[in-house]
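I opened the notebook to record what I looked up here. The entries follow the order of my checks.

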Amino acid sequence: MKKVFAWFLFVFFLSLPLWLPHYPLHLVCTVGIFVILAVSLNIVVGFAGQISLGHAAFFAVGAYTSSLLAVKFGIPFWIGIFAGGFVSFLFGILLGAPTLRVRDIYLSVVTICFGLMVQLALVNLESITGGARGIYGIPRPSIGSFVFVSPQSFYYIILFFALLTIFSTIRLLRSRFGRAFLSIRENEMAAEAVGVRTTYYKILAFALSSFYAGLAGSLYAHYVSYINPDAFTFGTSVDVLVMIVIGGLGNVWGSVIGAFVITLLPEYLRFMQQYYRAVFGLGLILMMVFMRSGIISALYKVPWARSRSAGRETE
Amino acid sequence: MNLLLETKRLSKKFGGLTAVNRVDLSIEEGKITALIGPNGSGKTTFFNLLTGVYPPNEGEILFNHENVTAIRPSQIARKGISRTFQNIQLFQKLTVLENVMIAQDLYCQSTVFGVYFRTKAALKEEREMREGAASFLRLMGLKGMEDQEARNLPYGAQRLLEIARALATRPRLLLLDEPAAGMNTTESGDLMSLIKKIRDQGVTILLVEHDMRVVMGISEHVVVLNFGQKIAEGNPAEVQKDAHVIQAYLGRGKRRA
């Protein structure tokens with residue numbers, strides 16, 4: 001039953017560009033990018049138990065790295081995206097370091113400041129980043145003479161990287177690394193006492209999470225072909241955090257669902273005009289009140305959907 | 001006899017309170033040593049010093065003749081000292097098996113790369129870790145509970161799981177902080193034979209315990225702390241007769257004046 005459902009979903013998503021109109025497909029592409037961001041943030045917050053409110057910074061680092069490589073040096077997207085991931089990985093190590101000294105509310109302040117610093121740097125390092133105007137004319141990816149211009153074709157690149165993120169993260173989290181991350185979340189003192197090098201794993205969680213966020217940034221940049229600092233604000237970091245909380249902390253599929261809900265719901269509430277933001281906010285509050293451990297936990301009450309393989313929920 | 005652990009003038013102050021005051025302690029390899037004393041005498045603080053939870057204000061700790069003073073808890077575990085806690089500290093929402101597997105992390109070799117690409121070595125290691133963890137659970141009589149969440153185990157089983165987890169690091173010295181707390185007579189009797197079994201496998205044991213039946217029943221050497229100072233040591237029979245010990249536990253008799 002579960003296998004059939006999984007294949008149905010796969011075929012459904014594979015066929016989307018064939019029948020979905022332009023604008024909804026564009027939304028789904030946006031969702032795909034946010035899926036990568038949410039799944040990656042979940043590694044740090046849901047598994048390692050470290051709060052982060054600066055995820056947009058890594059999204060930005062990936063976007064700017066691969067855009068600059070493409071625009072200034074003509075480096076193709078296929079290399080640029082991994083370069084973006086790698087540079088973001090290094091920034092992740094940088095942000096991971098303070099987690100060794102501060103935690104909880106203090107860590108959230110540090111991560112917010114980190115996000116603001118990166119954004120300020122993007123605005124002020126005009127000679128490199130183009131300042132507030134950003135970077136124009138970021139080339140679309142191509143294979144041979146085929147260029148991925150339309151959302152219909154770019155969709156498949158996003159789908160590929162989203163699936164790559166989801167399944168590689170599941171593998172990571174089911175391994176010794178996932179267990180070590182969870183042990184820090186559950187009881188850091190006990191983890192240390194049994195020989196888990198918590199400092200190493202915390203930095204690793206931040207670094208790997210940042211790598212994926214960097215991939216998402218690069219995808220975004222080459223998809224919209226124009227970036228400026230406004231796309232990488234504190235608000236973006238908060239959105240991603242809301243996605244993983246709504247979906248269910250510590251569950252990979254929860255993050256995927258959260259990305260869909262938080263990206264699509266406002267679009268479908270547009271008919272309420274000026275009230276839609278208020279209704280959206282109220283909806284989130286109600287969800288948190290009645291489904292504290294996220295949408296995914298509510299779904300798990302359906303017996304055939306139950307699976308522990310993708311994660312471990314917090315409450 | 002090899003001296004596995006030695007502390008020299010080990011002290012810890014919290015503000016004006018000296019919780020551990022210049023304690024010299026030697027533990028012989030292969031023995032069961034008990035650390036006893038009234039509440040607040042510094043036993044748990046002493047454990048926390050040994051395992052690197054706090055750095056001492058003074059003194060040093062030698063483990064197998066190597067200075068291990070004030071190094072990180074995870075490094076201490078890697079050197080071969082493992083512990084349980086007075087207040088149970090399990091990974092509550094993880095399964096029993098996972099709790100023990102995490103304690104084998106120090107033996108894991110596989111890399112992020114190996115995990116992503118499911119290399120043969122990574123899969124083999126994962127399988128071995130699983131089997132290894134299961135064998136420690138069997139030893140502690142927790143077979144059949146592998147997939148339960150730790151928080152759902154009965155209290156006594158949680159204590160045993162903590163010991164299984166501590167053993168999974170394959171320590172040379174095992175520190176047990178009140179392992180029999182909250183156990184009934186049958187359970188603590190079983191625990192005593194388990195502790196002896198662990199010792200017979202070559203693990204040296206230092207335990208803090210209030211249950212005198214357990215202390216006198218299994219330990220070969222007893223050290224008594226009071227107000228952070230060592231006031232007596234010897235074999236169980238000697239310690240029971242020691243005037244300082246009786247005074248620390250029962251108070252000074254009036255007639256003596």
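**Entry 1, a strand pair in chain B.** I began with strand β7 (residues 173-177) of chain B, which runs parallel to strand β8 (residues 204-208) of chain B and is joined to that strand by 5 bridges. I looked up the residue across from Leu175(B) and found Leu206(B) in β8(B). I note that the model is a predicted one.

**Entry 2, the sheet.** I then traced the sheet in chain B, which is open, has 6 strands and shows mixed pairing. I read the strand order as β6-β7-β8-β3-β9-β10. At the edges I found β6 (81-83) and β10 (229-234) of chain B, each pairing on one side only.

I checked strand β1 (residues 3-14) and strand β2 (residues 17-28) of chain B, which pair in the antiparallel sense over 8 bridges. For Glu6(B), I found the bridge partner Ser26(B) in β2(B). The hairpin has 2 residues between the strands, and Gly15(B) takes a positive phi near 60° there.

I turned to helix α3 (residues 55-73) and helix α10 (residues 198-224) of chain A, whose axes are 6 Å apart. The helices pack at an angle of about 55°, so α3(A) and α10(A) are oblique to each other. I recorded their crossing as right-handed. On the α3(A) side, the residues that meet α10(A) include Phe58(A), Phe59(A), Gly62(A) and Ser66(A). On the α10(A) side, I listed Ala213(A), Gly214(A), Gly217(A) and Tyr220(A) among them. I noted that the residues of this contact divide into 10 nonpolar, 8 polar and no charged.

Leaving aside neighbours within four places in sequence, I found Val261(A) in contact with Ile246(A) and Ile295(A). I also looked up Gly247(A), which is 14 residues from Val261(A) in sequence and 8.4 Å from Val261(A) in space, C-alpha to C-alpha.

Terms used:
Residues are numbered from 1 along each chain as its sequence is written. Chains are lettered from A and ligands numbered from 1 in the order in which they are written. This is a predicted model: local features need pLDDT of at least 70, side-chain atom pairs count only at pLDDT 80 or more; totals for chains, interfaces and linings use all residues. Axes are lines fitted to C-alpha atoms, for helices over the stretch in contact, and angles run from 0 to 180 degrees between N-to-C directions. Helices (H or I, at least four residues) and strands (E, at least two) are DSSP runs, numbered from the N terminus. Angles under 35 degrees count as roughly parallel, over 145 as roughly antiparallel, 65 to 115 as roughly perpendicular and the rest as oblique. A crossing is left-handed if the near helix is turned anticlockwise from the far one by less than a right angle, and right-handed if clockwise. Two residues are in contact if their C-beta atoms, placed from the backbone, lie within 7 Å. Ala, Val, Leu, Ile, Met, Phe, Trp, Tyr, Cys and Pro count as nonpolar, Asp, Glu, Lys and Arg as charged, and the others, Gly among them, as polar. Two strands pair if DSSP finds at least two bridges between them.
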